[in-house]
Amino acid sequence: MTKQVWVIGAPYEDGGRRGTVFLPALFSEARRIAEACGGGLTAVSFAPDEVAIPGLPSVCGIERHYVLVSHGFSHFSAQAGATGLLALVQQEKPWLILMADVLPMRELAPFLAGSLKTGAITGVVNVDISEPERPRFFRKVYGGQLYEELSFRGENTAIVTFDPDFLPARATSAPSREPETIVRRIELPEGGLPEYLGSFSVPARDLDVTEARVVIGAGMGAIGDDVYPMVLELAGLLEGTIGTTRPVVDIGKIPRERMVGQTGKVIAPELYLALGVSGATHHVGGIQEAGRVIAVNRDAYAPIFKNADYGVAADLRDILPELIKRIRRAKENGEII
Ligand SMILES: Cc1cc2nc3c(=O)[nH]c(=O)nc-3n(C[C@H](O)[C@H](O)[C@H](O)COP(=O)(O)OP(=O)(O)OC[C@H]3O[C@@H](n4cnc5c(N)ncnc54)[C@H](O)[C@@H]3O)c2cc1C
């Protein structure tokens, strides 16, 4: 039987808008794997009704498009998605299921793997298909300083989520074809699934450090009573969230879930502002994916400067009042929003 590679689209909800996102780069990667093992390519999406059937990106070579339709998908949850997919996957037995490593797929993958009693590899950054029957998947560990190599044993359907930031843009040479669309109406069970109560946006300061665009890292040098209130004020002005280092967590000043580093969280904000952070290897292992790093430390030889795009060797007590004043003024003048 031909090996089937499935790509599952990611449902999204943005204000009143809902839909399914398919990343063309994920299809290209799926096509590459499918071609290597002589298999076919199938897309799967979720829709609340037959009217809302999502379109596919104009990439070539998708043979079938399963659309799972249920009112229960109007507010998507990983549990509902896994329940809806289960029977189809058990019946069709795809060889490999690929998803983008984004919410809610990051949750769907382990739910589905649990229901199927199979394995899931999440956050994959690369795949080696030199042995097409047994692809080897790579993901980052220890704050991105090492890669681990994983593969699946046995014949069960394998589930993989790909980190979208690492999906290579490859041209696909597959012939253009209109996929066969197969609509499946799904009856989700009445109870046992999460109930949708409403949605609300999270203020920037409450965002998880892994999700924020701006993270203000408060190290041991930034948590004194004469400095920390200014750090919080700056975070508010920049619409950022607070991250921190291990000793700060150890003394109970900032909760553990805000710790950045090898044993904390790996973050990828557009801006990381490291305030009073020495820049130990354990910490900087967690900021390698940050877009821009700006460090302020009174020790001009602090290691953090080796990992910063911009650095200011100064005491925070001198720098922060002026910085806050200037940012506030610039905001009032509409120079920054
Ligand atoms: C197994 C292991 C795992 C670890 N994992 C992690 C981890 O995941 N994340 C993590 O963060 N740490 C981790 N650590 C701890 C790590 O090694 C460092 O000890 C820690 O990152 C240092 O935190 P810090 O920079 O806040 O404090 P410090 O090293 O004390 O540095 C404070 C800095 O603030 C500066 N400073 C002080 N006052 C001012 C001021 N007024 N103005 C400007 N600058 C000032 C100082 O010059 C200094 O550079 C781990 C350690 C071990 C052993």
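This note walks through a predicted model, point by point.

1. Start with the overall layout. Where they touch, domain 1 supplies 4 residues and domain 2 supplies 7 residues. On the domain 1 side, the touching residues are 1 nonpolar and 3 polar, with no charged ones.

2. **How to read a helix pair.** Two numbers matter here. Packed helices are described by the angle between their axes and by the distance between those axes. Keep both in mind for the next points.

3. **Helix 2 against helix 3.** Find helix 2 at residues 78-92 and helix 3 at residues 105-116. Their axes lie 9 Å apart, and the packing angle is about 45°. The crossing of helix 2 past helix 3 is right-handed.

4. **Who touches whom in that pair.** Helix 2 brings Ala78, Gln79, Gly81, Ala82, Leu85, Leu86 and Val89 to the contact. Helix 3 answers with Glu107, Leu108, Phe111, Leu112, Ser115 and Leu116. Sorted by class, this contact has 9 nonpolar, 3 polar and 1 charged residues.

5. **The two ends of helix 3.** Check the backbone in the loops here. Pro104 sits in the loop between strand 6 (96-100) and helix 3. The peptide bond joining Leu103 and Pro104 is cis, with omega about 5°. Lys117 lies in the loop between helix 3 and strand 7 (120-124). Its phi is positive, about 55°, although Lys117 is not a glycine. Why point these out? Most peptide bonds are trans, and most residues other than glycine have a negative phi.

6. **Helix 4 against helix 7.** Helix 4 covers residues 228-237, and helix 7 covers 316-332. The two axes come within 10 Å and cross at roughly 20°. Angles under 35 degrees count as roughly parallel, so helix 4 is roughly parallel to helix 7. This crossing is left-handed.

7. **Who touches whom in the second pair.** From helix 4 come Met230, Glu233, Leu234 and Leu237. From helix 7 come Leu320, Pro321, Leu323, Ile324, Ile327, Arg328 and Lys331. The classes in this contact are 8 nonpolar and 3 charged, with no polar residues.

8. **The ligand shell.** Which residues are closest to the ligand? They are Gly219, Gly221, Thr245, Gly261 and Ser278, out of 27 residues that surround the ligand. By class, the shell holds 10 nonpolar, 12 polar and 5 charged residues.

9. **Where the shell comes from.** Four elements each supply at least two shell residues: helix 5 (246-250), helix 6 (281-284), strand 16 (292-297) and helix 7 (316-332). Which helix gives the most to the shell? Helix 5 does, with 3 residues. Note helix 7 again: it supplies residues to the ligand shell, and it also packs against helix 4.

Terms used
Residues are numbered from 1 along each chain as its sequence is written. This is a predicted model: local features need pLDDT of at least 70, side-chain atom pairs count only at pLDDT 80 or more; totals for chains, interfaces and linings use all residues. Two residues are in contact if their C-beta atoms, placed from the backbone, lie within 7 Å. Ala, Val, Leu, Ile, Met, Phe, Trp, Tyr, Cys and Pro count as nonpolar, Asp, Glu, Lys and Arg as charged, and the others, Gly among them, as polar. Axes are lines fitted to C-alpha atoms, for helices over the stretch in contact, and angles run from 0 to 180 degrees between N-to-C directions. A crossing is left-handed if the near helix is turned anticlockwise from the far one by less than a right angle, and right-handed if clockwise. A residue is near a molecule or strand if its C-beta atom, placed from the backbone, lies within 6 Å of it. Angles under 35 degrees count as roughly parallel, over 145 as roughly antiparallel, 65 to 115 as roughly perpendicular and the rest as oblique.
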